[in-house]
Amino acid sequence: MEAGQYEALENLVLSIQDPLQQALLFGDFLQTEGVVQELIERKQESKLLEYAQQVPAPDAKREYLRRLFRSPSIARRLIDLGHFPALFALADQEADSASRTVLGSAFFANPVFVRQLAERRELAPLVRFVQQNGVADSRRPILELLGKDATTVHVLVEAGQIEAILALCGQEKKGGARASLLVDLLRSPRVVQYFADRNQWDSYLDWLRRAQDADEQRRILPDFTVRPETLVPLAAGGR
């Protein structure tokens with residue numbers, strides 16, 4: 001970004017009087033290549049959070065935060081600066097329930113935020129959110145993230161929440177999506193070990209049968225046959 005251009009663009013956006021239009025444009029401004037790097041070089045990253053805390057109109061705040069939350073690069077930088085608790089509060093403590101659902105969907109669908117919650121052993125709010133959110137299209141991306149990160153799966157098992165997440169995956173109406181969500185979790189060695197430790201192989205296989213379409217079964221089974229860390233406990237359990 002050329003010298004002086006950043007201030008001119010920022011001032012132009014912030015000169016807009018309508019709070020919603022200003023928030024929309026400022027949120028889009030942050031997605032522009034070079035803007036975040038410019039803020040880092042100026043050590044002004046906290047400005048991103050300060051704007052959200054100061055914007056007066058609820059709808060403007062919601063739309064700005066949606067744009068802020070969906071950027072992994074911004075998320076990483078603000079977490080590095082110690083702002084994760086404040087960011088999480090902005091998503092989780094919104095008074096309006098509709099806005100809280102919108103913000104939670106954006107926040108929990110960002111893999112950087114989910115990994116941070118897992119590392120802090122604080123996934124309970126995420127589980128609670130997806131349990132309370134009945135809109136499949138907004139909770140599906142969150143569930144997809146959970147099965148793809150080994151640390152997150154480990155924490156879910158450690159916290160005794162893995163079966164609650166499996167139940168939510170099993171409620172997915174779209175057969176292909178349901179199979180994908182379930183197999184991502186069920187093929188995890190940590191999940192297999194969870195059922196092995198409890199000698200609950202029938203329960204494990206029941207979850208596998210929830211993706212019962214023949215085509216889905218053919219897609220799922222090769223995953224198990226090529227993963228010895230999954231097959232060994234299954235064989236030891238007589239399955």
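Pro125 touches Phe88 and Phe108, residues up to four places away in sequence not being counted (contact denotes heavy atoms within 4.5 Å). Pro125 is found in helix 10, helices being DSSP runs of H or I with at least four residues and strands runs of E with at least two, numbered from the N terminus. With a relative accessibility of 16%, Pro125 counts as buried; the classes are buried at under 20% relative accessible area, exposed at over 50% and partly exposed in between, computed with a 1.4 Å probe on protein chains only. Pro125 and Asp92 are separated by 33 residues in sequence and by 8.2 Å in space, C-alpha to C-alpha.

The model is predicted, so that local features need pLDDT of at least 70 and side-chain atom pairs count only at pLDDT 80 or more, whereas totals for chains, interfaces and linings use all residues. Residues are numbered from 1 along each chain as its sequence is written, and side-chain values use heavy atoms, with hydrogens and water left out.

The protein chain has 18 helices and zero strands. Of its 239 residues, 46% count as buried. Among contacts between residues at least 6 apart in sequence, 65% join residues at least 24 apart.

Helix 1 (residues 5-14) and helix 2 (residues 19-30) pack with their axes 9 Å apart and at an angle of about 155°. Helix 1 is therefore roughly antiparallel to helix 2. Axes are lines fitted to C-alpha atoms, for helices over the stretch in contact, and angles between N-to-C directions run from 0 to 180 degrees; angles under 35 degrees count as roughly parallel, over 145 as roughly antiparallel, 65 to 115 as roughly perpendicular and the rest as oblique. Helix 1 contributes Tyr6, Leu9, Glu10, Val13 and Leu14 to the contact, and helix 2 contributes Gln22, Leu25, Phe26 and Phe29. These residues divide into seven nonpolar, one polar and one charged, where Ala, Val, Leu, Ile, Met, Phe, Trp, Tyr, Cys and Pro count as nonpolar, Asp, Glu, Lys and Arg as charged, and the others, Gly among them, as polar.

Helix 8 (residues 97-108) has 12 residues and spans 16 Å from its first C-alpha to its last, close to the expected 16 Å, the expected span being 1.5 Å times one less than the number of residues. Its buried residues are Ser99, Leu103, Gly104, Ser105, Ala106, Phe107 and Phe108. The buried residues of helix 8 pack against helix 5 (58-69), helix 7 (84-92), helix 9 (111-119), helix 10 (124-132) and helix 11 (136-146). Ser105 of helix 8 has a relative accessible area of 14% and is therefore buried. Apart from neighbours within four places in sequence, Ser105 is in contact with Phe129, Asn133, Ser138 and Ile142.

In helix 11, Ser138, Arg139, Arg140, Ile142, Leu143 and Leu146 are buried. The buried residues of helix 11 pack against helix 8, helix 9, helix 10, helix 12 (150-158), helix 13 (162-170) and helix 14 (175-186). Helix 14 has 12 residues and reaches 16 Å between its first and last C-alpha, close to the 16 Å expected. Nine of the 12 residues of helix 14 are buried, leaving this helix mostly covered; they are Ala177, Arg178, Ala179, Leu181, Leu182, Val183, Asp184, Leu185 and Leu186.

The largest nonpolar core contains 70 residues, of which Leu30, Tyr64, Leu68, Phe69, Phe107 and Ile165 touch the most other members. Such a core is a set of buried Ala, Val, Leu, Ile, Met, Phe, Trp, Tyr and Cys residues joined through side-chain atoms within 4.5 Å. Not counting residues up to four places away in sequence, Ile165 touches Val127, Val130, Leu143, Leu146, Leu156 and Leu185.

Several loop residues were also examined. Ala211, in the loop between helix 16 and helix 17 (214-225), is buried, with a relative accessible area of 1%. The C-alpha atoms of Ala211 and Leu182 are 7.5 Å apart, the two residues being separated by 29 residues along the chain. Arg121, in the loop between helix 9 and helix 10, has a positive phi near 55° although it is a residue other than glycine; its relative accessible area of 44% makes Arg121 partly exposed. Asn199, likewise not a glycine, has a positive phi of about 55°. Asn199 is found in the loop between helix 15 (189-197) and helix 16 (201-209) and counts as exposed at 63% relative accessibility.
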